Amino acid sequence: MYVTSGHDTEIRLTLEAMVDLVNALSDARESGERADVRGLLDSHGFTKANSASAASIERVESRMNELLDKLATLATSEPQPTVQWINRELADLHITPSLTDHDGAGLHIHWTSESAAFDQQVIADVLMALGQDICDHGTGRFGTCAAATCDHLFYDATRNGSRRFCADPRCASRTHTADHRARQRST
Ligand SMILES: [Zn+2]
Ligand SMILES: [Zn+2]
């Protein structure tokens, strides 16, 4: 039987949040508009996002922007330099791990103390989840959206590694329409 532990679930949920942040911040860089960092974190189950201070949300944004180039290219990066980079980032974390099963979730690890600043919690969660996932899967679970007009990152949690598109539903539907038209033209 295949059992998904709270630990595996926590890593997946954190990396899905990371991917959404990376894509939103990349889009914001191109458009010049501001990404809704608080809303994204809240929608991904960071329960303290709503009550976090504006300064704390800004620190999440600026740290993620510092990490953005490396994170956005995870799908195509070489394992060894990625490991070295993550180790440099991990060396700067202040972590205080503990096991918890709050809110009915399976047992999983919290990396910072209850009293840690929200931004420290988010960045520790992201980097620890990324480090663990790379131990298990290399960078193989990260991919770039297959839609012609999109270069968003995705995290592939399917068991057979079949994901092709980012979370934007338009990417899959546009591409399927284009594939369909191409098939019609060729007959
Ligand atoms: Zn938790
Ligand atoms: Zn896409």
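This is a predicted model: local features need pLDDT of at least 70, side-chain atom pairs count only at pLDDT 80 or more; totals for chains, interfaces and linings use all residues.
Ala 105 is situated in the loop that runs between S1 and S2. Its C-alpha lies 30 Å from that of Asn 65, the two residues being 40 apart in sequence.

The loop between strand S1 (98–100) and strand S2 (108–110) also holds Asp 103. Asp 103 has 7 other C-beta atoms within 10 Å and is therefore exposed. The backbone of Asp 103 has a phi near 55°, which is positive although the residue is not glycine. Most residues other than glycine have a negative phi. A positive phi, near 60°, is found also at Gly 138, which follows H5.

Ser 113 is placed in the loop between S2 and H5. With 13 other C-beta atoms within 10 Å, Ser 113 is partly exposed. Its C-alpha is 7.6 Å from that of Ile 95, a residue 18 places away along the chain.

Helix H4 (residues 79–91) consists of 13 residues and spans 18 Å between its first and last C-alpha atoms, close to the expected 18 Å. H5, with 20 residues, spans 28 Å, close to the expected 28 Å. Of the 13 residues of H4, the number buried is 0, so this helix lies largely in the open.

On the H4 side the contact involves Thr 82, Val 83, Ile 86, Glu 89 and Leu 90, which meet Leu 127, Leu 130, Gly 131 and Ile 134 of H5. By class, these residues comprise 6 nonpolar, 2 polar and 1 charged. An α-helix has 3.6 residues a turn, so residues three or four places apart point the same way. The spacing within the H4 set can be followed from Thr 82 and Val 83 through Ile 86 to Glu 89 and Leu 90.

H5 also meets H1. The axes of helix H1 (residues 6–31) and helix H5 (residues 118–137) approach within 9 Å and cross at roughly 115°, again with left-handed geometry. H1 contributes Ile 11, Thr 14, Leu 15 and Met 18 to the contact, and H5 contributes Asp 125, Val 126, Ala 129, Leu 130, Gln 132 and Asp 133. The contact of H1 with H5 contains 6 nonpolar, 2 polar and 2 charged residues. Leu 130 of H5 takes part in the contact with H1 and in the contact with H4.

The largest nonpolar core has 39 residues, among which Met 18, Leu 21 and Val 22 touch the most other members. At least two residues of this core come from each of H1, helix H2 (37–43), helix H3 (54–72), H5 and strand S4 (153–155). In soluble globular proteins, nonpolar side chains tend to be buried together. Met 18 is a member of this core and belongs also to the contact of H1 with H5. For Val 22, the contacts beyond four places in sequence are Leu 68, Leu 71, Ala 72 and Leu 153.

How values were computed: Residues are numbered from 1 along each chain as its sequence is written. Chains are lettered from A and ligands numbered from 1 in the order in which they are written. Helices (H or I, at least four residues) and strands (E, at least two) are DSSP runs, numbered from the N terminus. The expected span of a helix is 1.5 Å times one less than its number of residues. A residue is buried if 20 or more other C-beta atoms lie within 10 Å of its own, exposed if 12 or fewer, and partly exposed in between; C-beta atoms are placed from the backbone. Axes are lines fitted to C-alpha atoms, for helices over the stretch in contact, and angles run from 0 to 180 degrees between N-to-C directions. A crossing is left-handed if the near helix is turned anticlockwise from the far one by less than a right angle, and right-handed if clockwise. Two residues are in contact if their C-beta atoms, placed from the backbone, lie within 7 Å. Ala, Val, Leu, Ile, Met, Phe, Trp, Tyr, Cys and Pro count as nonpolar, Asp, Glu, Lys and Arg as charged, and the others, Gly among them, as polar. A nonpolar core is a set of buried Ala, Val, Leu, Ile, Met, Phe, Trp, Tyr and Cys residues joined through C-beta atoms within 7 Å.
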